[in-house]
Amino acid sequence: MTKYTEDHEWIELDGDTVTVGITDYAQKALGDVVFVELPEVSASYSAGDEVAVVESVKAASEVYAPLDGEIVEINDALEGDPSLVNSAPSSDGWFFKMKLANADDMAGLMDEEAYNAHVAGLE
Amino acid sequence: MPDESLMKTPLYDLHVESGGKMVPFAGYSMPVQYPLGIMKEHLHTREKAGLFDVSHMGQAYIRSKDGSDPAKIIEYLMPSALAVLKPGKMRYTVLLNDDGGIEDDLMVTRTFEPEGTLYVVVNAACKDKDYDILEDKLGDRITLEPLEERALLALQGPSAEAVLSSLAPEVAELSFMEATMVTLEGVVCWVSRSGYTGEDGYEISVPSDEAAALATRLLAHEDVEWIGLGARDSLRLEAGLCLSGHDFDAGVSPVGANITFALGKKRRENKDFIGADRIASELDHSPDMVRVGLVPAGRAPAREGTEIADADGKIVGKVTSGGFGPTFGGPVAMGFVPKELAAEGTKIQVMIRGKAHEATVAATPFVPQRYKRKQS
C-alpha cells in the first residue's frame, strides 16, 4: 500500500514500518539533486517535523516526517549518488525507513488517486 | 498565472515556446531554466555554447555635454582607467559612492563615435539607481541615453567563436574585452568578446525587433542551447565573479570585495575619484573583512547567508554566494571573513543548518577561466 502527503512524499507500508521518499512530481520540481542530508537512525519524529533536506543546484528543500515514528534505516546510497532521487524517485531513491508509532495513522494519508488530483490542482 | 506587473524582454515569447520556466527577477519575467535543467545547461555551456537572454540588463550611451571625453568625467565615480580606452576596448569597473563603497559593477566600452561616446552595461536590479547616481552627480556634464529598444544576448562557451563567426567571420578577430560593430543576418549589432561565465564568448546588443530572429538563428546551430538564470549563476560562481548586491554592496570597497584589479594603477596614485581616501587606506592596511573563495568539505552546499565560523566555532562572517558547482563537482562559495583568516588554505567552518562543516579558504576562480586574451 502506497500513500502520499501534500508535501509530495510517498509512504509505503510494510508491517509496522514505512519507507519514505519523494514523488516524481517533487523531483522534477526540484531539479538536479546534488546533496541529501538524512536523519540519524533511532531518532524519533512527530508528523510534520523536518527530517531530511534535499538540495538541488537551485535550492534546499525540507523533507518532513509523514507520521509519528522512529527512524530505523537510512538510504546510505544517496550520500554517494544523490542523483538517484532524480533517476529513481520511487525505488532506489528512497530516503529513510520509519517504524510507525501507530500504523493506523496511514489511513489519514492520501491514496494515489487523491494525490494525483492534488498534483493536478497545482498545475 | 503570468504576473502582469513584470516586464518582458523582447525574447519572452521565445522563452515560453522553448519551455523556459519563467520567474520574477529584477522586475522582469525571466527564464530560470529550460527543459534541459540547470545542471545540463551549466555543463553544456562549458562544453559547447550557451545562449543567454540578458536583455534585462541596462544598456546606455554616455556622452559629454561639452564635447570633451565622457570617460574623463565618469572616472570621478569609477576607479578604473577609462579615459585611456581606445575605440572598441572595454573594461570592467565599479560605480562608487562617497565612501568608496560599491553601488554596482558595470562594463564600460569606448564606441567608434568621434565624440568618444561610451557604451555601458549595468545590472538589471541596479539600473534605475545607477542612472540616478550618474544624473545626480554628473548630470550637468554628461547625458545618459538608456537604450530601451535594444536586446542583449550572451553566447558563451568554447563553440561560441565557431557559431558566431559562421555569421560574421570578423568576430573571430576580437580578443577578450574588445568590441565592434558587426552585421549579423543583415542587422547591425554591437558585439563584444566578453561575458560573465568564465568562458570565451560574446555579448550581442541587437535591436529589440530583430532579437528573436537572431536568437532563433543561433539556436539552430547544434552546439547552442538556451541557458537560464540558474546556470548563469552557477557558471559565474565557479568563475569566481562577483554578483552585485550579494558579493559586495554599498558598504564594501573594491579592496574588501577583492576586486582591486579594477583599480587603475595611475588612478590609485592620483586618488582622483570619489572615496579614494578610504580605498587608499584599505590598500595600505587591509579592511577588517575581505571576500574570499571557500570550498566546503563534503557535498553539502553552503548557500548565501550561511554563517562562517573560525576553527574554534566563533561566528566570524557570512557566505555571500554559494551552491553546487557542476563543473567543479562539489560545493563552492564566496564570503566575507576577517583578514586574519583570508589566506588560501585557512581552515574555517560553515554552519549549514546549524551544523558545522569544515571548509577551506581557496583561490578563485574555482574553474579556470578560458578567455581569448590578446597574444602579446
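Select Ala211(B) and then the residues it touches: leaving aside neighbours within four places in sequence, Ala211(B) is in contact with Pro10(B), Leu11(B), Ala151(B), Leu153(B) and Val206(B). Two residues are in contact if their C-beta atoms, placed from the backbone, lie within 7 Å. The model is predicted: local features need pLDDT of at least 70, side-chain atom pairs count only at pLDDT 80 or more, and totals for chains, interfaces and linings use all residues. Residues are numbered from 1 along each chain as its sequence is written, while chains are lettered from A and ligands numbered from 1 in the order in which they are written.

Keep Ala211(B) selected and colour its helix, α6 (residues 208-219) of chain B. Helices (H or I, at least four residues) and strands (E, at least two) are DSSP runs, numbered from the N terminus. Ala211(B) counts as buried because 24 other C-beta atoms lie within 10 Å. The terms are set as follows: buried for 20 or more other C-beta atoms within 10 Å of the residue's own, exposed for 12 or fewer, and partly exposed in between.

Now select helices α2 (residues 38-47) and α7 (residues 229-238) of chain B. Their axes are 8 Å apart and they pack at an angle of about 55 degrees. The pair is therefore oblique. Axes are lines fitted to C-alpha atoms, for helices over the stretch in contact, and angles run from 0 to 180 degrees between N-to-C directions. Angles under 35 degrees count as roughly parallel, over 145 as roughly antiparallel, 65 to 115 as roughly perpendicular and the rest as oblique. Show Ile38(B), Glu41(B), His42(B) and Thr45(B) in α2(B), which meet Gly230(B), Ala231(B), Ser234(B) and Leu235(B) in α7(B).

Move to chain A, which has 4 helices and 9 strands. From the N terminus on, these elements run β-β-β-α-β-β-β-β-β-α-α-β-α. The C-alpha trace of chain A spans about 35 × 35 × 20 Å along its principal axes. Of the 123 residues in chain A, 40% are buried.

Finally, where do the chains touch? The contact takes 10 residues from chain A and 14 residues from chain B. On the side of chain A that touches chain B, the elements giving two or more residues are β4 (33-37) and β6 (50-56) of chain A. The most come from β4(A), with 3 residues.
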